[in-house]
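Please look over the sequence and the structure before reading on.

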Amino acid sequence: MSLDAKVAYTFLLNRFQLSRRNGWVNDFGEVFVIFPRRELVRELRVCEQRVTVAFRALKELNLIWEKRPGRRTSLSPPRALRRP
């Protein structure tokens, strides 16, 4: 796993813990994390392509599951992530 993927996963786990504390859990016990890729780009200070590659690696390792909304408007929620 690349260093970018490891650091991205650390940020996602931190957000996961915050979401769980705030009760963002559905009926199946899945905790939802909202973390737009562009926000992660700013946090990591890397290009969007590197974040996309990191997300792809995390998905391939089944560390995250990603649900993308349909056509995104400025009011629609960003990507939702959860830990399997």
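Predicted model: local features only at pLDDT ≥ 70, side-chain atom pairs only at ≥ 80, totals over all residues.

With which side chain does the side chain of glutamate 66 make a polar contact of 3.0 Å? The partner is the side chain of arginine 37.

- Glutamate 66 belongs to strand β2, which covers residues 65-67.
- Because its relative accessibility is 13%, and buried means under 20%, glutamate 66 counts as buried.
- Besides the contact with arginine 37, the side chain of glutamate 66 has a polar contact of 3.0 Å with the side chain of lysine 59.
- Arginine 37 is part of helix α2 and is buried, with a relative accessible area of 5%.
- The side chain of arginine 37 also forms a polar contact of 3.2 Å with the side chain of threonine 52.

**Helix α2**

- Helix α2 comprises residues 37-44.
- The residues Arg37, Leu40, Val41 and Leu44 are buried in α2. They span an arc of only 105° around the axis, so they sit on the same side of α2.
- Arg38 and Arg42, on the other side of α2, are exposed.
- As a general rule, an α-helix has 3.6 residues a turn, so residues three or four places apart point the same way.

**Helix α3**

- Helix α3 runs over residues 48-60 and contains 13 residues. From its first C-alpha to its last, α3 reaches 18 Å, close to the 18 Å expected at 1.5 Å a residue.
- Val51, Ala54, Phe55, Ala57 and Leu58 are buried in α3. Viewed down the axis of α3, the buried residues fall within an arc of 160°, and they therefore line one face of the helix.
- Gln49 and Glu60 are exposed, on the other side of α3.
- Asparagine 62, which follows α3, has a positive phi, near 55°.

**Packing of α2 and α3**

- Helices α2 and α3 pack at an angle of about 110°, and their axes are 9 Å apart. Angles of 65 to 115 degrees count as roughly perpendicular, so α2 is roughly perpendicular to α3.
- The crossing in which α2 passes α3 is right-handed.

Conventions: Residues numbered from 1 in each chain as written. Heavy atoms only, no water. Helix = DSSP H or I, 4+ residues; strand = E, 2+ residues; numbered from the N terminus. Expected span 1.5 Å × (residues − 1). Buried < 20%, exposed > 50% of the residue type's maximum accessible area, 1.4 Å probe, protein only. Arc of directions from axis to C-beta. Polar contact = N/O pair within 3.5 Å; in protein donor to acceptor, adjacent residues only side chain to side chain. Axes fitted to C-alpha atoms, helices over the stretch in contact; angles between N-to-C directions. Parallel < 35°, antiparallel > 145°, perpendicular 65-115°, else oblique. Left-handed = near helix turned anticlockwise from the far one by under 90°.
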